[in-house]
Structure formats: C-alpha cells, structure tokens
Protein chains: 2
Amino acid sequence: MTVTAESPKRKFIHCALRLFAERGYFGVSLADVAGELGLTKQSIIYHFKTKDALYGAVIADIAQRLEATIDDVFAQAPDARAQLEAYLRKLGQHMLDHPRDARLITRELLDNLDRAQADNTWYMRRFLDQSVAIVAAHPNWTSKTPAVQAAITYQLIGAVCYFSISDPTLNAIWGRARVSEMTEVFVPSLLDLVEGEKREHLPSK
Amino acid sequence: MTVTAESPKRKFIHCALRLFAERGYFGVSLADVAGELGLTKQSIIYHFKTKDALYGAVIADIAQRLEATIDDVFAQAPDARAQLEAYLRKLGQHMLDHPRDARLITRELLDNLDRAQADNTWYMRRFLDQSVAIVAAHPNWTSKTPAVQAAITYQLIGAVCYFSISDPTLNAIWGRARVSEMTEVFVPSLLDLVEGEKREHLPSK
DNA sequence: CAATAAACTTACCGGTCGGTAAGTTGATAC
DNA sequence: GTATCAACTTACCGACCGGTAAGTTTATTG
C-alpha cells in the first residue's frame, strides 16, 4: 500500500477548498488550513505568498475539473439532445458527489460582487460559455436569442448548485428520509422540465 | 417634509442587512455597521447585546417580509394555478427588487451548515412550508409525494435566488445589455417551465 | 430642579488576523 | 564534505476583532 504522494501545494489547495466551502473566505484563517495538515500558517505563505493567491488557486482548481467534465460530454454524446441530458446528469452527479464545489462556486458568486468588475480573469468563464453552447444546441432553444439561452443555462446550473448546498438545511427541516427521496427525483425532474414532458414517471402518492 | 423617524434598532437592522448581504457574517465587523451610520460599535452592543443577535434580527426581518408576500398571494389568487403564478411573479419581483434578500438567504443557507442542526428555531421555516403548500396545490403536483413537491419548490426558489445573486457576475461576463434581456425573460421562462408549455412567446432570433 | 432612563461615548482587554524576517532541517548535487 | 535548495519553523509585528466596564449626553417626567 503506497502513499499517494500529493504535492504540498495540492495538499493545501485540497484542504483549503474544503474549509473555504464550509465557512467562506473570511471564516477561514491560514492557521486553520495549515493546522488541518499539522503545519503552520507560514508554510502556506511560503507556497502561495498571500491568502488571496491560495483562494485563487482553489477556484482555478474547481474550474479546471468542471471543464474536464464538459469535455467528457462533448466527446461522448451523439447529438445535441443527448449532450444536454448527459451534461445535466454529469453536472448533477458532480455537485451531489462534490457538494463542496457547489458551495464554493455559490460563495464565489456572492463574494465577487465588488471583485467582478475589477478582476478581468474570471476563472469560470470557459465553463459557462461551454454550458451555454450545449443549451443553445438543444432543439428547444436553437432558435432563441443568446439571452434566452444564457438565462436557461443559468437556471439549470443554479437549480443544481442550490439544491446541493441546501442539503444540510433541508435535512434539518424535513428529515433525512424525505431529503433522500428528493435527491433521487431531483435530476430526473430537471430533465423532465427540460424536455417538457409531463413528469409521469415521477413517483405518485 | 418630515423625516421618517426610523427606530435606532431598525436603522441598524437595515444597514446590517446590506453589509451582511454584500460581504457575509465574518466579512462585516460591528464597527463597519456602526460606522455607516456615524456611530460606534458599542451602540450596536447596547441594542443587540451580541453580533449574533444582530444577525438573527436581520434574518427574522427578511423572513417576516417574505411571509407578508405569501399572505398576499393567498388573499388575492382565485385558484391553485393562479396562486403559483402569482407566487412566482411576486417572489421573482421581490428578489430582483431586493437582491440583498436573495444574497443573504443564500448566504444563510451556506453558513448554516453546522448551525442548522443546533439551532432549532429556523426563521425561514414558515415561509418554506407555505411555499411548498402552494406548489402542492398546483394540478401538476397534487398527486405527487411530499418529497417531490418539496423538491420542485426548492428548485423554483433556488432558481430565483441564484439568478438574482448572479446579476453582477453575469454583467461582468456578458455585459449589461444581454443581462437586462435575460432579466426580462427570466420569470416568464420559469412560468413556462412550470406550465409545461413550449415557450412559444419567448423572443426568437 | 432633581430623578430617571434611553442612547449613546471613550477607554480598554484578551485574542486573532495576515504578513515579514530570520532561522532550521533534511535531502540531493557536485 | 560542503554548497544548494525546497520545505518548513519560531518569533514577532501592527491592525483589528467582539465584548466589558464605566462614564456622558439628552430628553422626559414629577
């Protein structure tokens, strides 16, 4: 059993992703991150120079993994309709498997209110453009304006992220049993909304 | 012209809502809030005892205003279908008019990961239950399980909040013109998704 | 005019923050 | 065997944090 030799930088990114997702930028100190790995905050400063730079590396890491998922969709699905279905399934699966990504993306959206204008390198841009391209190719929306296509795309991504981050709260409100039911029907119900079907295969009372 | 005499407590709540929405709980200090009103942080301590209590008052304030919106829907719309339409229009309008509410609700969702279990008084509970009741009454979902109804409700609220908080970022990515187009078609497109129509009245190229 | 109470203020405290500076350690290279 | 370098450490700094304690100001009331 060999220890997977993760580079020190990647170890910090991995750990920081988790903490930033849970508590946000201001809710996490460098000492918190380093402490989780049994190190001191100065080891982070050594690798990343500043806290901002560490945060940037975390965002870039998520963006890269999301782009990889999309490339996968383009490679596998035969036509536009199948591509959108594959996209939604993969995105949904990704965000349910990695709720931290959904949490951090949503936080990034919230915290970038001021930064959005100043910072012209927006790490998620490529991912978003590719997502819109998939929606735009679908028969439902090929004839629509780019604005409509972008709005639909955003609704879909938003629904997926929002559902993922709501999980703990939903559990507290309605209990684990009901939320686990909700999770099962979530992606199918989203697909039905997209295809305009009448949701007949969803469970009835 | 009389100055509307807002109580000191309400002035703090109003100001804190804006700052918490913009920068989050840990991103805002008591001195920040008081400074905006030309006062010192101790004046906040005097009124609210702790920072946590101030934050709680802000959340309670939002919850109360949302419940008022819902009561309105129940009072006005004649049947279940019209109620859901009125609900979505009002919710969408509310979140577009008051993006801070959408931002803070989403932040609350994110930050309550740990608190959700411990804190059994969850201010948004009544609002959420009423929202689910409206969705459950709609012909599309009356026959579905409570879990499905809750999932649909959450997707709808999520889409609205997510779109509202995305506004600054979307502007930075695609420009004001396209985003303003998106905003116009947003609620109608959501209604079309709900009613299962084919989006014929949405603008085409 | 004295008493009271709301709505503040200044002064201060222990603790934590991000970041600088100057070592220390252990492995590799020549 | 010593020079080099990555990957750390300890020690420290000024700024800021939430919160306590003890006044001060202002308006109202008997």
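Which side chain of chain B has an N or O atom 3.4 Å from a phosphate oxygen of DNA strand C? It is the side chain of His47(B). Keep in mind as you look around that this is a predicted model.

**Where the protein meets DNA strand C**

- Helix 3 (41-48) of chain A and helix 3 (41-48) of chain B are the elements that each give two or more residues to the surface near DNA strand C.
- Helix 3 of chain B provides the largest share of that surface, with 4 residues.
- There are 15 residues around DNA strand C, and the ones that come nearest are Lys41(A), Gln42(A), Lys51(A), Thr40(B) and Tyr46(B).

**Which parts of the DNA are touched**

- If you look at the atoms of DNA strand C within 4 Å of the protein, 52% belong to sugar or phosphate, and the rest belong to bases.
- For an example at a base, find Lys41(A): an N or O atom in its side chain is 2.7 Å from a base nitrogen of DNA strand C.
- For an example at a phosphate, find Ser29(A), where an N or O atom of the side chain is 3.2 Å from a phosphate oxygen of DNA strand C.

**Where chain A and chain B meet**

- Chain A brings 63 residues to the contact and chain B brings 62.
- Together the two chains bury about 5,900 Å², and 65% of that area is on carbon and sulfur atoms.
- On the chain B side, Leu110(B), Gln155(B) and Tyr162(B) lose the most area to chain A, and together they make up 13% of what that side buries.
- Across this interface, 4 residue pairs are in polar contact, counting pairs with both residues at pLDDT 80 or more, while the number of salt bridges found is 0.

**A closer look at the chain B side**

- Five helices of chain B each supply at least two residues to the side that touches chain A: helix 1 (8-23), helix 6 (99-118), helix 7 (125-137), helix 8 (146-174) and helix 9 (176-195).
- Helix 8 of chain B gives the most to this side, with 20 residues.
- The residues on this side of chain B divide into 33 nonpolar, 14 polar and 15 charged.

Key
Residues are numbered from 1 along each chain as its sequence is written. Chains are lettered from A and ligands numbered from 1 in the order in which they are written. This is a predicted model: local features need pLDDT of at least 70, side-chain atom pairs count only at pLDDT 80 or more; totals for chains, interfaces and linings use all residues. Side-chain values use heavy atoms; hydrogens and water are left out. A residue is near a molecule or strand if one of its heavy atoms lies within 4 Å of it. A polar contact is a pair of N or O atoms within 3.5 Å; within protein, one must be able to donate a hydrogen and the other to accept it, and residues adjacent in sequence count only if both atoms are side-chain atoms. Contact means heavy atoms within 4.5 Å. Buried area is the accessible area (1.4 Å probe) that two parts lose on being put together, summed over both. A salt bridge is a side-chain nitrogen of Lys or Arg within 4 Å of a carboxyl oxygen of Asp or Glu. Ala, Val, Leu, Ile, Met, Phe, Trp, Tyr, Cys and Pro count as nonpolar, Asp, Glu, Lys and Arg as charged, and the others, Gly among them, as polar.
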